[in-house]
Amino acid sequence: MVDIATRVYNHKWKIDPIVRSLIDTDFYKLLMCQSVFRNKPDTEVAFSLINRTTRIPLADLIDEGELREQLDHIRSLSLSRGESTWLRGNTFYGKRQMFRPDFMEWFENLRLPAYHLERRGDQYELTFEGSWPEVMLWEIPALAVLMELRGRAVLDGMGRFELQVLYAQAMTRVWEKIERLRDVEPLGIADFGTRRRHSFLWQDWCVQAMLEGLGKKFTGTSNCLIAMRREVEAIGTNAHELPMVYAALAQDDAALARAPYEVLSDWHEEHEGNLRIILPDTYGTQGFLDNAPDWLAGWTGIRIDSGDPATAARIAIDWWQSRGEDPKQKRVIFSDGLDVDKIIELSRQFAGETNVSFGWGTLLTNDFRGLVPDDALAPFSLVCKAVSANGHPTVKLSDNPEKAMGPADEIDRYKRVFGVGDQQRLEVLV
């Protein structure tokens with residue numbers, strides 16, 4: 001097992017680049033990329049970094065030259081032969097050849113496109129523009145780089161023994177969480193922590209700890225590179241990016257109202273079983289389900305990623321029942337801001353009503369809260385989102401208005417089209 005503290009102390013980034021591979025990313029990104037490659041390959045998009053936690057002055061903490069070095073390194077990456085073989089030949093969600101030959105040929109020749117980096121006060125403006133299938137693959141590595149460079153800035157002044165104690169404390173914290181989860185029955189939990197992890201080595205350690213501590217209750221990791229190396233399941237389906245871009249391409253209000261369902265219609269043609277998971281909250285869960293076509297009720301489950309999780313789960317269960325479906329045969333996946341107490345609470349609350357599972361993210365792979373002075377390693381809310389498509393702004397409403405994004409007039413229009421009324425504001429933790 002890697003001695004992380006010693007590795008950090010002796011750190012040289014060319015030995016430990018933050019992003020090691022094009023598949024050091026979340027599995028859902030590759031699934032969505034293939035869908036975009038097939039259905040919307042000529043769409044031009046822009047992605048932008050958004051630091052929701054503005055009290056963290058990233059431009060003061062992170063050296064611009066070091067940031068550029070890491071981003072340039074990512075642009076030099078391409079698939080290795082072993083990575084290509086794994087993607088082409090492995091079984092994902094019970095299906096072989098999940099990735100089509102034409103997509104794989106394109107991916108094997110891909111280098112990520114150029115980026116634009118500029119300092120704005122105490123923050124960085126980082127944007128990516130170009131064809132959707134290429135640009136979308138910047139999101140996860142860009143976030144990982146910013147999160148880890150911020151962590152490295154804090155760790156840089158620590159001595160060898162101080163680092164050993166820090167990581168011992170953090171490891172103990174993770175293990176104590178795992179021990180509390182051992183007695184939860186039933187439990188299915190996956191690592192969803194790539195985008196805001198402390199570091200690659202730390203995420204890899206957390207996955208190994210989950211494997212040993214939880215056994216079959218640990219269902220896999222969203223990180224493709226770790227899934228390949230540790231021989232565990234790669235987990236993930238789809239994200240808000242798809243409906244946000246489809247909606248931005250809509251020519252009128254009627255087309256806008258149809259856009260989220262067109263996304264899932266395209267997905268329906270490509271995937272089945274446990275990959276047919278609805279993410280309904282982009283423009284409000286209740287309205288999305290109320291207006292959903294009947295065929296969507298036959299999908300396997302729903303992922304809950306904003307708002308009050310128990311309320312959203314109840315809405316999902318009631319919707320299935322209203323459509324003549326048995327919620328006990330369905331799956332609810334919780335994935336927003338989870339930690340052990342909330343996982344245990346939700347598991348108990350919905351036991352027997354539906355199949356519950358969890359995508360555990362930042363507070364698995366980046367919980368160093370309270371371990372250094374001024375809480376300087378506490379995780380924060382950093383996202384990289386599609387902000388335009390073919391020159392039109394994107395919008396996200398969410399079930400939590402604190403996560404909404406887009407021009408104010410467009411947000412108002414989307415609320416009108418999707419019938420979104422008053423929403424409960426919840427603090428965005430991570």
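The model is predicted. An unreviewed UniProt entry places the feature "domain: Nicotinate phosphoribosyltransferase N-terminal" at residues 23-146.

Two domains were assigned. Domain 1 comprises 17-156 + 384-393, and domain 2 comprises 161-365. Taken over C-alpha atoms, their centres are separated by 20 Å. Domain 1 gives 44 residues to the contact, and domain 2 gives 39 residues.

The size of an interface is often given as the accessible area lost when the parts come together. Between domain 1 and domain 2, the buried area is about 3,800 Å². Carbon and sulfur atoms supply 62% of that area. Five salt bridges are counted between domain 1 and domain 2. A salt bridge also pairs Glu270 with Arg38. The closest N and O atoms of Glu270 and Arg38 are 3.9 Å apart, against a cut-off of 4 Å.

The cysteines were examined next. Zero disulfides are present in the structure. For Cys206, the closest cysteine sulfur belongs to Cys224 and lies 18 Å away, so the pair is too far apart for a bond. A disulfide requires the two sulfur atoms to be within 2.5 Å. Cys384 is likewise in no disulfide. The cysteine sulfur nearest to Cys384 is that of Cys33, at 14 Å. Cys206 counts as buried because its relative accessibility is 0%. Cys384 also has 0% relative accessibility and therefore counts as buried.

Methods: Residues are numbered from 1 along each chain as its sequence is written. This is a predicted model: local features need pLDDT of at least 70, side-chain atom pairs count only at pLDDT 80 or more; totals for chains, interfaces and linings use all residues. Side-chain values use heavy atoms; hydrogens and water are left out. UniProt positions are given in the numbering used here, feature names are shortened, and annotations may be inferred rather than shown by experiment. Buried means under 20% relative accessible area, exposed over 50%, partly exposed in between (1.4 Å probe, protein chains only). Domain bounds come from an automatic or database domain assignment. Contact means heavy atoms within 4.5 Å. Buried area is the accessible area (1.4 Å probe) that two parts lose on being put together, summed over both. A salt bridge is a side-chain nitrogen of Lys or Arg within 4 Å of a carboxyl oxygen of Asp or Glu.
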